[in-house]
Amino acid sequence: MSYSNSGDNKIRRRKISSSNCHRNIVENDLVSSKYTQQNNRISRNKIEEDFELEKELFYRKRDRKRIKRNNLMKKCLSLLLMLIFVGSICASVVVATSLKGVPDVTKDLIYSNYISQNVVAVDEIPSDLKNAIIATEDKRFYEHKGVDFRSLMRSVVNNILSDSTQGGSTIDMQVSKNLLTSEDRTIKRKIRDMYNAMKMNKIMTKDEILGAYLNNIYFGKGSYGVADAAKTYFGKNVQDLNLGECAMLAGITNNPARFMQHDEAKRRQKVVLKHMYEQGYINYEQYIKAKNDPTPFKSEIA
């Protein structure tokens, strides 16, 4: 036997064995790679399926919430509309009841109910006095038609949310209260004043309404109207009042029982002057001069 052939065979077997091993490794790697790819595909598919399921669940929950929210909104809206409808009917009944038997508002009716006998024509009343009253009591007097709904709503909200009370009456409504209705603190009286105020604006000018107010408002010390008040407090005709005196008289009308005392009237006068300055009725020099003027009452002059 030849040893060389035997060695060659051994070498050949090693090569074949090595080649087979390498082939097996490659095949195993391919199988492993295919298996890994297949697993990855399965994992991705699983993830996608889970994602789609979660997305579907999410949209279902969202749609259910949206449906519930829409149903709740519909119920609330229906309830609100029902309350508005019922409230409107109730309000209509209250208004109709309150206005039952109300006399027709005419100039003759208003003039016949004047309280003061000492009446001054509105064009003879100083502009400072008229402006002081408007700036303090009804700054939109020349803009509204008898009822200032903005001021009225603000006063209602303020009275609900705070302990302080705030009136929403216009000068027109106060004319009605002073001459046509009463001092009663009732809804019925308030409704009548609003109705009368709007009627007045159809038959009278704003200056005529302001004149009716100034000639009948109570100033304390038994004085009704600006003519009597000018005599009582300053010993003057109303036409001769200066800015400080006009502002003081306008301030007294807010609470005559309190402000008919000079020290209180003087403090109130400064508030009125400030309103006049802020609303452009007087300039800064006039404001300072009137504020620093002692403005004594007739009873305090020696």
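**Overview**

Met82 lies in helix 1 (residues 3–98); helices (H or I, at least four residues) and strands (E, at least two) are DSSP runs, numbered from the N terminus. The model is predicted: local features need pLDDT of at least 70, side-chain atom pairs count only at pLDDT 80 or more, and totals for chains, interfaces and linings use all residues. Residues are numbered from 1 along each chain as its sequence is written, and side-chain values use heavy atoms, with hydrogens and water left out.

**Overall composition**

- The protein has 12 helices and zero strands.
- Of its 302 residues, 31% count as buried; buried means under 20% relative accessible area, exposed over 50%, and partly exposed in between (1.4 Å probe, protein chains only).
- Among contacts with a separation of 6 or more, 65% link residues 24 or more positions apart; contact means heavy atoms within 4.5 Å.

**Surface of helix 1**

- Met82 counts as exposed because its relative accessibility is 52%.
- Met82, Phe85, Val86, Ile89 and Val93 make a nonpolar surface patch of about 490 Å².
- Patches are made of residues with over 30% relative accessible area and no salt bridge, where like charges are joined within 9 Å and nonpolar side chains (Val, Leu, Ile, Met, Phe, Trp, Tyr) within 5 Å.
- A salt bridge is a side-chain nitrogen of Lys or Arg within 4 Å of a carboxyl oxygen of Asp or Glu, and accessible areas come from the Shrake-Rupley method with a 1.4 Å probe, for which only the protein chains shown count as cover for residues.

**Helix 7**

- Helix 7 (residues 206–214) is largely enclosed by the rest of the structure, because seven of its nine residues are buried.
- These buried residues are Lys206, Ile209, Leu210, Gly211, Ala212, Tyr213 and Leu214.
- They pack against helix 2 (107–112), helix 3 (127–137), helix 5 (171–179), helix 6 (187–203) and helix 8 (226–234).

**Nonpolar core**

- The largest nonpolar core has 47 residues, of which Leu129 and Leu249 touch the most other members; such a core is a set of buried Ala, Val, Leu, Ile, Met, Phe, Trp, Tyr and Cys residues joined through side-chain atoms within 4.5 Å.
- Helix 9 gives the most to this core, with seven residues.
- Beyond its neighbours within four places in sequence, Leu249 contacts Leu129, Phe219, Ala229, Ala230, Tyr233, Phe234 and Leu241.

**Cysteines**

- The whole structure contains zero disulfides, a disulfide being a pair of cysteine sulfur atoms within 2.5 Å.
- Cys246 is buried at 1% relative accessible area, whereas Cys76 is partly exposed at 45%.
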